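Visitor: I am new to this structure and would like to learn how to read it. Could you walk me through it, feature by feature?

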Amino acid sequence: SHTGALAGSDKVIDAVFKQTGVVRVRDMDELVDAALGLGTQPLIRGNRVGILSVAGGFAVEMADLSVEAGLAVPALDASTKEGLSKIIPYYGSTNNPVDLTARALENLSWPGGCVALAAKDPNLDAVVLILTAMREIEICEGILKAMRGSDKPVLICWTAGEVAGAALEYLKDNGVPVFPSPKRMVNALHGMVQYAKYILRDEFSEA
């Protein structure tokens with residue numbers, strides 16, 4: 001429509017969108033992120049997110065952004081925490097958000113193993129993993145295996161960007177969307193939740 005031709009009540013527009021299943025976004029970044037999430041991930045069945053990160057600061061940032069976007073960051077099931085405690089060092093955290101610590105660099109199977117554990121948690125509807133300055137393809141192989149073994153959405157944030165090199169390309173070549181920041185990943189989750197609420201109606205589980 002031409003500029004100025006859509007003047008009207010924003011509440012009315014918002015209500016029409018919700019009734020017709022239109023995912024509303026505020027800018028082009030949100031449009032791209034929501035499309036990536038919706039186009040590559042299974043239908044999310046609730047708003048409960050499990051957050052795994054190799055850096056504690058990013059874990060907290062992701063948790064704050066998730067709550068602001070209407071997502072829940074619930075406590076993990078006891079069995080999940082027990083499994084994670086066998087992998088994560090004592091100075092990390094098995095609480096949600098989970099701090100894998102930088103020791104994930106020492107065992108390249110850790111991130112994928114932790115994703116697989118979290119994806120089985122009955123308290124979670126989606127799992128996100130935040131990586132930083134890592135570039136080993138072996139990490140990606142474990143992550144991809146965990147994603148393919150789950151019927152829940154699993155999203156990846158890799159803050160290193162192009163520094164990740166061939167590892168980042170490996171995930172993209174296998175159809176895995178990689179988001180450059182926690183904010184962009186939350187954009188995707190928010191769009192996925194909006195659409196799932198419309199599709200599932202009363203079957204959508206909202207914490």
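Visitor: Which residues lie nearest the centre of the largest pocket?

Guide: Before we look, please note that this is a predicted model, in which local features need pLDDT of at least 70 and side-chain atom pairs count only at pLDDT 80 or more, while totals for chains, interfaces and linings use all residues. Residues are numbered from 1 along each chain as its sequence is written, and side-chain values use heavy atoms, with hydrogens and water left out.

Guide: On a 1 Å grid over the protein atoms alone, a pocket is an open set of points where a 1.4 Å probe fits, with protein on both sides within 12 Å along at least five of seven lines; lining residues have an atom within 4 Å of a point. Here, Lys18, His190, Val193, Gln194 and Lys197 lie nearest the centre of the largest pocket, out of 17 lining residues. Its volume (the space filled by probe spheres set on the points) is about 300 Å³.

Visitor: Which elements give two or more residues to the lining of the largest pocket?

Guide: They are helix H1 (10-20) and helix H8 (182-200); helices are DSSP runs of H or I with at least four residues, strands are E runs of at least two, and both are numbered from the N terminus. H8 gives the most, with six residues. By class, the lining has seven nonpolar, five polar and five charged residues. For these classes, Ala, Val, Leu, Ile, Met, Phe, Trp, Tyr, Cys and Pro count as nonpolar, Asp, Glu, Lys and Arg as charged, and the others, Gly among them, as polar.

Visitor: What lines the second largest pocket?

Guide: That pocket has a volume of about 250 Å³, and its lining includes Arg24, Glu30, Lys183, His190 and Gln194. H8 provides the largest share here, five residues.

Visitor: What is the order of the strands in the open sheet?

Guide: In general, strands of a sheet pair through backbone hydrogen bonds, either parallel or antiparallel. In this model, five strands follow the order E2-E1-E3-E4-E5, with parallel pairing; two strands pair if DSSP finds at least two bridges between them. Strand E2 (98-99) and strand E5 (178-179) stand at the edges with a single partner strand each, so one side of each has no neighbour in the sheet. Strand E4 (residues 154-158) pairs with E5 over two bridges, and Cys157 stands opposite Phe179 in E5.

Visitor: At what angle do helices H4 and H5 pack?

Guide: Two packed helices are described by the angle between their axes and the distance between the axes. Axes are lines fitted to C-alpha atoms, for helices over the stretch in contact, and angles run from 0 to 180 degrees between N-to-C directions. Helix H4 (residues 78-85) and helix H5 (residues 110-119) pack at about 170°, their axes 9 Å apart. That makes H4 roughly antiparallel to H5, a label for angles over 145 degrees. Thr80, Gly83 and Leu84 of H4 meet Cys114, Leu117 and Ala118 of H5 in the contact, which means heavy atoms within 4.5 Å.

Visitor: Where is Pro97 found?

Guide: Pro97 lies in the loop between H4 and E2, and the peptide bond from Asn96 to Pro97 is cis, with omega near 10°.

Note on methods: Angles under 35 degrees count as roughly parallel, over 145 as roughly antiparallel, 65 to 115 as roughly perpendicular and the rest as oblique.
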